[in-house]
Amino acid sequence: MIVCICNALNECKIRQAIAEGARNPAAIYKAHGCKPQCGKCGPDMKTMISDHFRRSSAPPTGPAPKNAPRA
Ligand code: FES
């Protein structure tokens with residue numbers, strides 16, 4: 001499904017950018033070489049970012065906790 005009509009970004013492209021490190025809509029646009037136009041997709045992108053980290057149980061931003069176990 002297309003999330004950003006202005007830039008033809010579908011869910012797959014947005015999830016790919018998030019998986020590669022995008023943490024906000026601006027980073028998602030940048031990852032695909034485009035810029036926001038109308039901005040209506042921003043809230044949906046933020047929801048997708050939150051959902052990604054809710055599923056993975058990782059924080060969306062910030063450094064790792066100091067007492068995090070080493071791999
Ligand atoms: S729908 Fe994404 S910028 Fe317009």
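**Entry 1: a residue to start with**

I began with Asp-51, which counts as partly exposed at 27% relative accessibility. My cut-offs: buried is under 20% relative accessible area, exposed is over 50%, and partly exposed lies in between, using a 1.4 Å probe and protein chains only. The model is a predicted one, where local features need pLDDT of at least 70, side-chain atom pairs count only at pLDDT 80 or more, and totals for chains, interfaces and linings use all residues. I number residues from 1 along each chain as its sequence is written, and side-chain values use heavy atoms, with hydrogens and water left out.

**Entry 2: who pairs with Asp-51?**

Which side chain meets Asp-51 in a salt bridge? I found Arg-54 there, at 2.7 Å from N to O. For a salt bridge I want a side-chain nitrogen of Lys or Arg within 4 Å of a carboxyl oxygen of Asp or Glu. Both residues sit in helix H3, three residues apart, which is about one turn of the helix. Arg-54 counts as exposed, at 60% relative accessibility.

I then searched the whole structure and got two salt bridges. Because they are four residues apart in helix H1, about one helical turn separates them. Arg-15 is partly exposed at 38%, and Glu-11 is partly exposed too, at 26%.

**Entry 3: the overall layout**

I stepped back and counted three helices and two strands. Here a helix is a DSSP run of H or I with at least four residues, a strand is a run of E with at least two, and numbering goes from the N terminus. Along the sequence the pattern reads β-β-α-α-α. The protein has 71 residues, and 25% of them count as buried. I also looked at contacts (heavy atoms within 4.5 Å). Among those between residues at least 6 apart in sequence, 46% join residues at least 24 apart.

**Entry 4: the core**

Which residues touch the most other members of the largest nonpolar core? I noted Leu-9, Ile-14, Ile-28, Tyr-29 and Met-45, out of 15 residues in that core. Strand E1, helix H1 (11-19), helix H2 (25-31) and helix H3 (42-56) each supply at least two residues, and H3 gives the most, with four. By nonpolar core I mean buried Ala, Val, Leu, Ile, Met, Phe, Trp, Tyr and Cys residues joined through side-chain atoms within 4.5 Å.

**Entry 5: the cysteines**

How many disulfides did I find? The count was zero, taking a disulfide as a pair of cysteine sulfur atoms within 2.5 Å.

Cys-6 sits in the loop between strand E1 (2-4) and strand E2 (9-10). I have Cys-6 as partly exposed, at 41%. Beyond its neighbours within four places in sequence, Cys-6 is in contact with Gln-37 and Cys-38. Cys-6 and Cys-41 are 35 residues apart in sequence, and their C-alpha atoms are 8.9 Å apart.
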